[in-house]
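This report covers pockets, salt bridges, backbone angles and a surface patch. The terms are given with their cut-offs where they come up.

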Amino acid sequence: PRGAGKTSLMQTLAGAWMPAHGTARLGNRDIHTWDANDRGRFVGYLPQDVELLTGTVFENIARFSEVDADPVYDAAQKAGAHDLILGLPQGYDTQLGDQGVHLSAGQRQAIGLARAFFSDPVMMLLDEPTAHLDSNMVGSLLQRIATYSKIPTEQRDNLFIIATHDVRIINAADRVMIIQNGKVGLMPREEYLRKVSDLNQKRSQVHQGQLSVSKNPSNQGQNE
C-alpha cells in the first residue's frame, strides 16, 4: 500500500538514510560506512520525485563527473531517453535549473532514469519508474527489464530493486517483497501472482454474490 515504507526502504538502501536498526550491506559491506563518492559508483537510484541540478542535461546524467560522451549516451539509450533528449532545444547541452528549460515530470523522470543507469551500477534502485513516462519509454524500460530477467541469476552483473504498483514489472521479477503494516513478506514471483489471482477470484465471487442478492426481491414483502 502507499505509505507503507517502500520509499524509505529505497532511500536506506541508497545510503541516503541510516537504518533505525541493523545494517544495509552491498558486497558484504555496510553501505553507510562508504564514502559517498565511492558508494555512488555502485548504486543507481531513481527517486519518485526526480530533482535535477543546475547544469546541462549531459552533466546531470554524468553526475557532474568528468567523462567522455559515450557513457552518457549509453545510459540515456538504456533508459530509453536518448530521443527525448535530442528533442530538447540544445539536446544534451540543454541548460536546466532556474535559468534553464522547464521540463515536464515525464522529462525529468527520463533524465533521472538515465542518471541512474550511468556507469552501469551494480545495484539499481528504481522507485515507481513508470509513473510519469510516456508509453514509448515505458515499453522500452519494460523490454529492458524483461530481457534482463531472462539471464540466469548467476550470470547477471546487476541487481534491480524496484518499488512499483505496475504488474508488468512484477511479471519480470524473481521475487516480490510486500511491505504492509510494518511487516515484510518475501516470496517467489509465481507464488505472489498465484495469491493475487486467488484473491481476485474470491473478490469476484463475493461481488457476484452481492449482485445476485440485490437482483432477487426479498421475501419480506410476500411474508407480510
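## Salt bridges

A salt bridge is a side-chain nitrogen of Lys or Arg within 4 Å of a carboxyl oxygen of Asp or Glu. The structure is a predicted model, in which local features need pLDDT of at least 70 and side-chain atom pairs count only at pLDDT 80 or more, while totals for chains, interfaces and linings use all residues. Residues are numbered from 1 along each chain as its sequence is written, and side-chain values use heavy atoms, with hydrogens and water left out.

The structure holds eight salt bridges. One of them pairs Lys78 with Asp120, with 3.6 Å between the closest N and O atoms. Because Lys78 sits in helix α4 and Asp120 in the loop between α6 and β6, this pair ties together parts 42 residues apart in sequence. Helices (H or I, at least four residues) and strands (E, at least two) are DSSP runs, numbered from the N terminus. Lys78 is buried at 17% relative accessible area, whereas Asp120 is partly exposed at 41%; buried means under 20%, exposed over 50%, and partly exposed in between (1.4 Å probe, protein chains only).

Asp174 forms another salt bridge, with Arg156, the closest N and O atoms being 2.5 Å apart. This pair links distant parts of the chain, 18 residues apart: Asp174 is in the loop between α8 and β8, and Arg156 in the loop between α7 and β7. Asp174 counts as partly exposed at 41% relative accessibility, and Arg156 is buried at 19%. Glu190 and Arg189 are also paired, at 3.0 Å between the closest N and O atoms. Elsewhere, salt bridges that share partners join Arg29, Asp38 and Arg41 into one network.

## Pockets

On a 1 Å grid over the protein atoms alone, a pocket is an open set of points where a 1.4 Å probe fits, with protein on both sides within 12 Å along at least five of seven lines; lining residues have an atom within 4 Å of a point. Grid points are joined across faces, edges and corners, and a volume is the space filled by probe spheres set on the points.

The largest pocket has a volume of about 1400 Å³. It is lined by 38 residues, of which Ile162, Ala173, Arg175, Val176 and Met177 are the closest to its centre. Helix α9 (189-215) is among the elements that each supply at least two lining residues, and its seven residues are the largest share. The lining divides into 25 nonpolar, seven polar and six charged residues.

The second largest pocket holds about 760 Å³. Among its 23 lining residues, Gly40, Val43, Tyr45, Arg63 and Arg115 are the closest to the centre. The largest share of this lining, four residues, comes from α2.

## Backbone angles

Most residues other than glycine have a negative phi. Phe64 has a positive phi of about 60° and lies in the loop between α3 (57-61) and α4 (69-79). Asp120, the salt-bridge partner of Lys78, has a positive phi of about 55°.

## Surface patch

Met177, Val184 and Leu186 form a nonpolar patch on the surface, with about 290 Å² of accessible area together. Patches are made of residues with over 30% relative accessible area and no salt bridge; like charges are joined within 9 Å, and nonpolar side chains (Val, Leu, Ile, Met, Phe, Trp, Tyr) within 5 Å. Val184 is in strand β9 (residues 183-188) and counts as exposed at 55% relative accessibility.

Methods
Areas by Shrake-Rupley, 256 points an atom, 1.4 Å probe, with all protein chains shown as cover. Nonpolar A, V, L, I, M, F, W, Y, C, P; charged D, E, K, R; others polar.
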